[in-house]
Amino acid sequence: MKLIVGLGNPGEKYLNNRHNTGQLVVETLLKKFLPKDFIVKKSQVFMNESGTFVKKLVEQYHIKPSDLWVIHDDLDIPLGSYKIQKGKGPKLHNGINSIEREMGTDEFWRVRIGVDSRDSESRISGEEYVLQDFTDEDKEILDKVVQEICKKLLTS
């Protein structure tokens, strides 16, 4: 079994925020033909409370940490890029920190999707930036990355 969870914040207000990148990937993934051994879920809690939600799913489906794949935004990676890594994550991400704390391990997969397209001259804080909506230009770039990630998840 493979449990894939897309992180984000609940509600219309956050729907197109950079912080909801994980949920955007899951929405695309759910439109594809999924193998029977895939469980794909969107987080239904605020980002900082992701650990409780993920831990419940892991326990409910009897998933080993090595079969957990968490999809999330990452400000350490530029928009248009991504990394899939086990046990390695961003320098600071409250959703991932919450999951590690609740699970008692960092040995799960992270699909780290770059969202940083800030101007280096007038850089706003990361906390403020991830709660802003993607621009139309950003969405075009992100869509290509989302399609590539979905392919990789379905074949790995």
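A pocket is an open set of grid points, on a 1 Å grid over the protein atoms alone, with protein on both sides within 12 Å along at least five of seven lines, and its lining residues have an atom within 4 Å of a point. In the second largest pocket, the element that gives the most to the lining is helix 5, with 4 residues. The model is predicted. The structure holds 6 salt bridges, and strand 5 is mostly covered, with 7 of its 8 residues buried.

**Second largest pocket**

- The second largest pocket holds about 190 Å³ of space.
- Its lining is made up of Asn16, Leu24, Glu27, Thr28, Lys31, Phe134, Lys139, Leu142, Asp143 and Val146.
- At least two lining residues come from helix 1 (21-29), and at least two from helix 5.
- By class, the lining of the second largest pocket has 4 nonpolar, 2 polar and 4 charged residues.

**Valine 146**

- Valine 146 sits in helix 5, which spans residues 136-155, and is among the residues that line the second largest pocket.
- The relative accessible area of valine 146 is 4%, so the residue counts as buried, the cut-off being under 20%.
- Leaving aside residues up to four places away in sequence, valine 146 touches Val25 and Thr28.
- Between valine 146 and threonine 28 there are 118 residues of separation in sequence, but the C-alpha to C-alpha separation is 7.6 Å.
- Threonine 28, like valine 146, is listed in the lining of the second largest pocket.

**Largest pocket**

- About 490 Å³ of space lies in the largest pocket.
- This pocket is lined by 21 residues, and those closest to its centre are His19, Asn94, Gly126, Glu127 and Val130.
- Strand 3, helix 3 and helix 4 (126-129) are the elements that each give two or more residues to the lining of the largest pocket.
- Of the elements, strand 3 gives the most to this lining, with 4 residues.
- The lining of the largest pocket divides into 8 nonpolar, 7 polar and 6 charged residues.

**Strand 5 and its partners**

- Strand 3 and strand 5 run parallel and are joined by 7 bridges.
- In this pairing, valine 111 of strand 5 has isoleucine 71 opposite.
- Strand 5 also pairs with strand 4 (residues 82-86), here in the antiparallel sense and over 5 bridges.
- Arginine 112 in strand 5 is the bridge partner of lysine 83.

**Salt bridges**

- Arginine 112 also forms a salt bridge through its side chain, with aspartate 74, at 2.5 Å from N to O.
- That pair links distant parts of the chain, 38 residues apart: arginine 112 is in strand 5 (residues 109-116) and aspartate 74 in strand 3 (residues 68-78).
- Both partners are buried: arginine 112 has 6% relative accessibility, and aspartate 74 has a relative accessible area of 0%.
- Lysine 64 and aspartate 67 form another salt bridge, with 3.9 Å between the closest N and O atoms.
- The value for this pair falls within the 4 Å limit that defines a salt bridge.
- Lysine 64 has a relative accessible area of 52%, so the residue counts as exposed, the cut-off being over 50%.
- Aspartate 67, at 23% relative accessibility, is partly exposed.

**Histidine 62**

- The loop between helix 2 (50-61) and strand 3 contains histidine 62.
- Histidine 62 is exposed, with 72% relative accessible area.
- Along the chain, histidine 62 and methionine 1 are 61 residues apart, and their C-alpha atoms are separated by 8.9 Å.

Notes
Residues numbered from 1 in each chain as written. Predicted model: local features only at pLDDT ≥ 70, side-chain atom pairs only at ≥ 80, totals over all residues. Heavy atoms only, no water. Buried < 20%, exposed > 50% of the residue type's maximum accessible area, 1.4 Å probe, protein only. Contact = heavy atoms within 4.5 Å. 1 Å grid on protein atoms, 1.4 Å probe; cavity = no way out; pocket = protein on both sides within 12 Å on 5 of 7 lines; lining within 4 Å. Points joined across faces, edges and corners; volume = space filled by probe spheres on them. Nonpolar A, V, L, I, M, F, W, Y, C, P; charged D, E, K, R; others polar. Pairing = 2+ DSSP bridges.
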